[in-house]
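Please find below a colleague's note on the model under review. The points are numbered so that each may be taken up separately.

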Amino acid sequence: MTPSERPVHTGEERGGPLIITEDERLLDDLLRLCAAAGALPEVAHGLPARKRDWEAPPLVIVGADCAPRMRGAGRRAGVILTGQDADDPAVLRLAVALGAERVLALPDGERWLADRIADAVEGVGPPALTVGVIGGCGGAGASTLAGALAVTAARTGRRTLLVDGDPLGGGLDVLLGGEKEKGLRWPAFAESRGRVACGALAESLPRLHSFRVLSWDRGSDVTIPPPAMRAVMAAARRRGGVVVVDLPRRVDAAAAEALAQVDMGLLLVPTELRAVAAAQRVAAGVQKVLGDLRVVARGAPGRHGHGLPPDEIARLMELPLAGEVPWEAGLLADLSRGVPPGAQVGGPLARFCTAFWERLTESGVDGGGPASVTGTGPGGGPGQSTEPGAGVREPAVGRGGGRG
């Protein structure tokens with residue numbers, strides 16, 4: 001592009017890659033890949049005269065035809081060398097001289113390069129810590145817990161995205177009082193395949209209570225094609241921060257795709273024997289995909305300590321105990337008035353969620369990527385700690401040998 005042909009940058013967007021080549025055929029291919037990745041490149045025929053023009057782009061793609069002219073270029077990260085033959089010893093020597101991170105030939109390397117360009121433009125950092133919430137039985141309150149985790153994560157300043165992975169759950173936007181908010185819902189992403197831009201995904205969704213929400217509309221379509229779930233979840237994770245996913249109890253193909261990208265799962269189990277029996281079946285399906293699953297015991301109204309102890313539930317489930325959420329009087333009334341779950345800072349639900357995120361932070365896991373949260377206490381049994389006088393068993397978390 002000549003200077004007069006280049007679009008004006010506002011300064012808000014991240015710059016595109018720098019392409020250095022005189023090979024017109026190669027340039028056409030690279031421009032096509034940049035367009036597919038939503039990137040606006042700069043094109044040069046040799047080493048830029050100004051040092052900052054070499055160092056500033058998030059990615060530099062050098063054609064083998066121009067690589068010999070690049071001698072003397074300062075070493076920098078994010079240099080890709082492209083040629084007709086990626087195994088040519090001469091090309092490999094040029095790559096070493098440039099400090100290139102990779103040598104590839106087109107068209108074989110097109111898919112990898114398109115993803116690499118998109119990552120560079122999006123400024124992708126560590127993937128999001130992704131927490132899945134599953135009800136052990138009907139009416140356990142998994143959607144409420146998922147919403148409260150998102151509310152409390154956003155309240156502490158974490159970049160948060162809440163994903164409604166349960167088509168028959170009624171819609172998390174309704175739970176949060178935002179069913180009339182503008183933004184895309186799941187049906188708009190039903191045809192998604194491959195790569196979805198993480199920034200565009202987030203900006204297209206409704207913003208509720210300081211975080212983004214991907215929910216369902218009120219239509220009759222209640223199917224998430226597995227490729228769409230895979231693409232959307234991958235984009236959500238690339239955005240970083242925290243992703244909370246409300247998942248169905250039955251693991252179908254779409255739910256399996258979501259679980260495959262979850263770092264830890266919370267199985268919410270009411271403190272009664274029948275709920276435990278149902279939750280054991282749910283856990284059996286979830287554990288085929290997710291290796292890090294733990295129990296959250298949910299108190300029932302009017303039990304006054306006569307339900308199953310949380311430790312006993314964890315023992316029967318043969319899973320670590322992440323904590324206990326006592327019954328919260330007034331929660332249903334708050335939800336009917338449009339007050340989101342977890343908004344009452346002093347309530348049991350908010351205290352559990354706040355402690356959950358605090359313990360992750362103490363463990364060095366703070367929305368920066370896959371986490372390993374053990375929940376194992378002394379003697380190898382379910383771990384827990386109780387806040388004196390709070391009535392909430394805090395989640396037991398720490399580093400260990402989970403998914404990564």
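The points below begin with the chain as a whole and then turn to individual elements and residues.

1. Overall content. The model is predicted. The protein chain holds 13 helices and 15 strands. Of its 404 residues, 51% count as buried. The accessible surface of the chain is about 18600 Å², and carbon and sulfur atoms contribute 51% of that area. Among contacts with a separation of 6 or more, 74% come from residues 24 or more positions apart.

2. Geometry of helix H1. This helix covers residues 24–36. At the start of H1, the backbone nitrogen of Arg25 has a side-chain oxygen of Asp23 within 3.1 Å. After the helix comes Gly38, with a positive phi near 70°.

3. Which residues of H1 are buried? They are Leu26, Leu27, Leu30, Leu33 and Cys34. Viewed down the axis of H1, the buried residues fall within an arc of 125°, and therefore line one face of the helix. The other side of H1 carries the exposed residues Glu24, Arg25, Asp28, Ala35 and Ala36. As for packing partners, the buried residues of H1 pack against the strands S1 (18–20), S2 (42–44), S3 (60–63) and S4 (79–82), and against helix H4 (110–122).

4. Strand S7 and its pairing. S7 comprises residues 160–164. Five of its five residues are buried, so the strand is largely enclosed by the rest of the structure. Thr160, Leu162 and Asp164 point one way from S7, whereas Leu161 and Val163 point the other way. S7 pairs with strand S10 (residues 242–247) in the parallel sense over five bridges, with Val242 of S10 as the bridge partner of Thr160. S7 also runs parallel to strand S9 (residues 211–214), to which three bridges join it; here the bridge partner of Leu162 is Val213.

5. Arg158. Is this arginine buried or exposed? Arg158 has a relative accessible area of 13%, under the 20% cut-off, and so it counts as buried. Arg158 sits in the loop between helix H5 (142–155) and S7. Its side chain makes a polar contact of 2.5 Å with the side chain of Thr156.

6. Helix H11 and the residue after it. In H11 (residues 310–317), the buried residues are Pro310, Ile313, Ala314 and Met317. They cover an arc of only 95° around the axis, which places them on the same side of H11. Just after H11, Glu318 has a positive phi of about 60°, although Glu318 is not a glycine. Glu318 belongs to the loop between H11 and strand S13 (321–325). With 73% relative accessibility, Glu318 counts as exposed.

7. The peptide bond joining Leu106 and Pro107 is cis, with omega about 10°. Pro107 is placed in the loop between strand S5 (102–104) and H4. His209 is not a glycine, yet has a positive phi of about 55°. This histidine, His209, lies in the loop between strand S8 (207–208) and S9. With a relative accessible area of 35%, His209 is partly exposed.

Note on methods: Residues are numbered from 1 along each chain as its sequence is written. This is a predicted model: local features need pLDDT of at least 70, side-chain atom pairs count only at pLDDT 80 or more; totals for chains, interfaces and linings use all residues. Side-chain values use heavy atoms; hydrogens and water are left out. Helices (H or I, at least four residues) and strands (E, at least two) are DSSP runs, numbered from the N terminus. Buried means under 20% relative accessible area, exposed over 50%, partly exposed in between (1.4 Å probe, protein chains only). Contact means heavy atoms within 4.5 Å. Accessible areas come from the Shrake-Rupley method with a 1.4 Å probe; for residues, only the protein chains shown count as cover. The expected span of a helix is 1.5 Å times one less than its number of residues. The arc is that of the directions from the helix axis to the C-beta atoms. A polar contact is a pair of N or O atoms within 3.5 Å; within protein, one must be able to donate a hydrogen and the other to accept it, and residues adjacent in sequence count only if both atoms are side-chain atoms. Two strands pair if DSSP finds at least two bridges between them.
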